[in-house]
Amino acid sequence: MRTPLIAGNWKLQPPTRAEARVLAAAVVSGTRGLAGREVVLAPPFVMLTTVADAVVDSLVRLAGQNLYWENSGAFTGEISGPMLVDTGCQHVLVGHSERRQIFGETDYAVAKKVGAADACGLGSILCVGETLEQRDSGDAMLVIEKQVRRGLVELTTEGLSRLVIAYEPVWAIGTGRTASPDQAQQVHAGIREIIREVASSEVAESMRILYGGSVKPGNIDELMACPDVDGALVGGASLQADDFLRIIHFQES
Ligand code: PEP
C-alpha cells in the first residue's frame, strides 16, 4: 500500500510571512487527526522557518522548492540540502518545469540535485513532464522516460526508496487544463514500469507517483481513483486553504 501524498507548491507566493503563517495554520488545523495521508508544504525559502514554526506538532511536513548540489562555498543566491534539513525540510522539489523552462535547468543539473538531496537524507520530489508540442507529436512518454532515467543516475538504492516522482504535464501547469484520468494513469503506469526496469518491482510498487497540473477540488477525486496516481502536487489551489484541504480530504464525502 502506498500512502497518498498531497504536496502544496506555493511557488513565489504568498507575499508576506504573516500570510504564510495564516495559510500554514489553516492547513494544520484542517488536517488534525488525518490518518493514512501525508501532507507537504513547499513555501519560498525565506518563509521556511515561519512555516516550520506553524506546523510544529502537526503531521504537515516541509519541502524546499529547489536546492544546489554543493553544500557550501561561493555560490551566491543558492541554498544547499543541509541548509534545508536544518530548516526542518524532509523533502525538496527537483526539476520543476518552471525551473527547467525559465531557469534553464538541465537533466544533468536535476540529477546532481537529486543526488545531493539524497546525500543529506532529503527525499526528492522529482518533477517530469512533456510540453504540449511533445504530446501532440506523440513523444510524451519518450521525453518522460529520458527525464526519469537521467534524473536517477546519482541516486543510491536507499535514496530510491525515499524518492517521489511527480508527473506534471507542462501544458497543464497553471493553465486550468488537467490531464484526463486516462492520460494520467497511462503515464503513471509507464513511469512505474521504468522504475521496475531501473530498480526492482519492489521499489516500483512502493514508489509514490504524484500527478500535478491544475489539480482542483473538482478533479482530485477522479484523479485519485486511478490505480497508479498516489497523490498530487498542487500549485495554485494550495494557496487557498479551503481548496487545498478539500484536495487533501479527497474522496471523503
Ligand atoms: C505546480 O506548480 O507544480 C502545479 C502543478 O501548479 P498548478 O496546480 O497551479 O497547475
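Mentor: Start with helix 4, residues 97-102, which gives three residues to the lining of the largest pocket, the most of any. Helices here are DSSP runs of H or I with at least four residues, numbered from the N terminus. This is a predicted model: local features need pLDDT of at least 70, side-chain atom pairs need 80 or more, and totals for chains, interfaces and linings use all residues. Residues are numbered from 1 along each chain, and side-chain values use heavy atoms, without hydrogens or water.

Trainee: How much space lies in the largest pocket?

Mentor: About 400 Å³. Of its 14 lining residues, K11, L12, Q65, R99 and F103 are closest to the centre. A pocket is an open set of points on a 1 Å grid where a 1.4 Å probe fits, with protein on both sides within 12 Å along at least five of seven lines; lining residues have an atom within 4 Å of a point.

Trainee: Switching to the largest nonpolar core: which residues touch the most other members?

Mentor: V148, I191, I195 and Y211, out of 65 residues. Such a core joins buried nonpolar residues (under 20% relative accessible area) through side-chain atoms within 4.5 Å. Another core of twelve residues lies apart from it, with A7 and L93 among them.

Trainee: Is C89 buried or exposed?

Mentor: Buried, because its relative accessibility is 6%.

Technical notes
Grid points are joined across faces, edges and corners, and a volume is the space filled by probe spheres set on the points. Helices (H or I, at least four residues) and strands (E, at least two) are DSSP runs, numbered from the N terminus. Buried means under 20% relative accessible area, exposed over 50%, partly exposed in between (1.4 Å probe, protein chains only).
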